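Some labels in a structure description rest on cut-offs. The questions below ask what stands behind each label.

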Amino acid sequence: MSSDTAQTLGAIAFVSFLVLLAGLSCQAVKGDNSYQTRLLFFWLIFDALIHIFRPFVYLSLFGRTVDSSVGFFASVWKEYSLADRRWAIADPGVVAVELFTVIGTGALALYTAKLVLQQDARYHFWLCFLCICELYGDYVCLFYILLTL
């Protein structure tokens, strides 16, 4: 098996694992058993897992170049670095964006999921705020890349 095939299968397995964790967490939804509530809870947990695990791996490589690292997660970040070389090094701008992603967006997704689980109507506000954060994060990344080319 080629290394590209192994990397692809590893990525699919990792995402499948996160989907499985998010799916199993839907068992915690009590009371309101609507499909929409379970789907929303699933998305919030999956979003939190993605925002916590993916950038956390990058931040754990802080101080080292991804190019000199080996393993599955290093290979994922090497793919990112094909689009922008700064992902292969500990670029301060990239680190700042990833810290915001882990601390801000991941935690907010978990908090919103908790409100959904508690059937607290405030989750509507925090869900809107989370969506704005998602858009803002994409906006910041895009303009950081464009402004520093």
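Q: What makes F17, L20, L21 and L24 a nonpolar patch on the surface?
A: This is a predicted model, and in it these four residues share about 380 Å² of accessible area. Patch members need over 30% relative accessible area and no salt bridge, and nonpolar side chains are joined within 5 Å. F17, L20, L21 and L24 form such a patch.

Q: Why is F17 called partly exposed?
A: The relative accessibility of F17 is 45%. Buried means under 20% and exposed means over 50%, with partly exposed in between. F17 therefore counts as partly exposed. This residue lies in helix α1, which covers residues 3-25.

Q: Which class does G10 fall into, and why?
A: G10, also in helix α1, has 22% relative accessibility, so it counts as partly exposed. The cut-off for buried is under 20%. In space, the C-alpha of G10 is 9.7 Å from that of V76, although the two are 66 residues apart in sequence.

Q: How do you know that the buried residues of α3 line one face of the helix?
A: Helix α3 spans residues 72-83, and A74, S75, W77 and S81 are buried there. Seen down the axis of α3, the buried residues fall within an arc of 165°, so they line one face. On the other side of α3, L82 and A83 are exposed. An α-helix has 3.6 residues a turn, so residues three or four places apart point the same way.

Q: What makes a set of 19 residues the largest nonpolar core?
A: A core is a set of buried nonpolar residues joined through side-chain atoms within 4.5 Å. The largest such set here has 19 residues, and L40, F41, L44, I45 and V116 have the most contacts inside it. Two or more residues come from each of α1, α2 (35-60), α4 (92-117) and α5 (123-147). Helix α2 gives the most, with six residues.

Q: How do you know which residues V116 is in contact with?
A: Contact means heavy atoms within 4.5 Å. With neighbours within four places in sequence left aside, V116 is in contact with T37, L40, F41, L44 and Y123.

Q: What makes the pair D120 and R122 a salt bridge?
A: The closest N and O atoms of D120 and R122 are 2.7 Å apart. The cut-off is 4 Å between a side-chain nitrogen of Lys or Arg and a carboxyl oxygen of Asp or Glu. The pair therefore forms a salt bridge. A search of the whole structure finds one salt bridge. R122 has 48% relative accessibility and so counts as partly exposed.

Q: Why is S68 called exposed?
A: S68 has a relative accessible area of 56%, and exposed means over 50%. S68 is therefore exposed. S68 is found in the loop between α2 and α3, and its C-alpha is separated by 9.0 Å from that of A88, 20 residues away along the chain.

Q: What sets the phi of Q119 apart?
A: Phi of Q119 is near 55°, which is a positive value in a residue other than glycine. Q119 is found in the loop between α4 and α5.

Q: How many helices and strands does the protein chain have?
A: The chain has five helices and zero strands. Of its 149 residues, 34% count as buried.

Key
Residues are numbered from 1 along each chain as its sequence is written. This is a predicted model: local features need pLDDT of at least 70, side-chain atom pairs count only at pLDDT 80 or more; totals for chains, interfaces and linings use all residues. Side-chain values use heavy atoms; hydrogens and water are left out. Helices (H or I, at least four residues) and strands (E, at least two) are DSSP runs, numbered from the N terminus. Buried means under 20% relative accessible area, exposed over 50%, partly exposed in between (1.4 Å probe, protein chains only). Patches are made of residues with over 30% relative accessible area and no salt bridge: like charges are joined within 9 Å, nonpolar side chains (Val, Leu, Ile, Met, Phe, Trp, Tyr) within 5 Å. Accessible areas come from the Shrake-Rupley method with a 1.4 Å probe; for residues, only the protein chains shown count as cover. The arc is that of the directions from the helix axis to the C-beta atoms.
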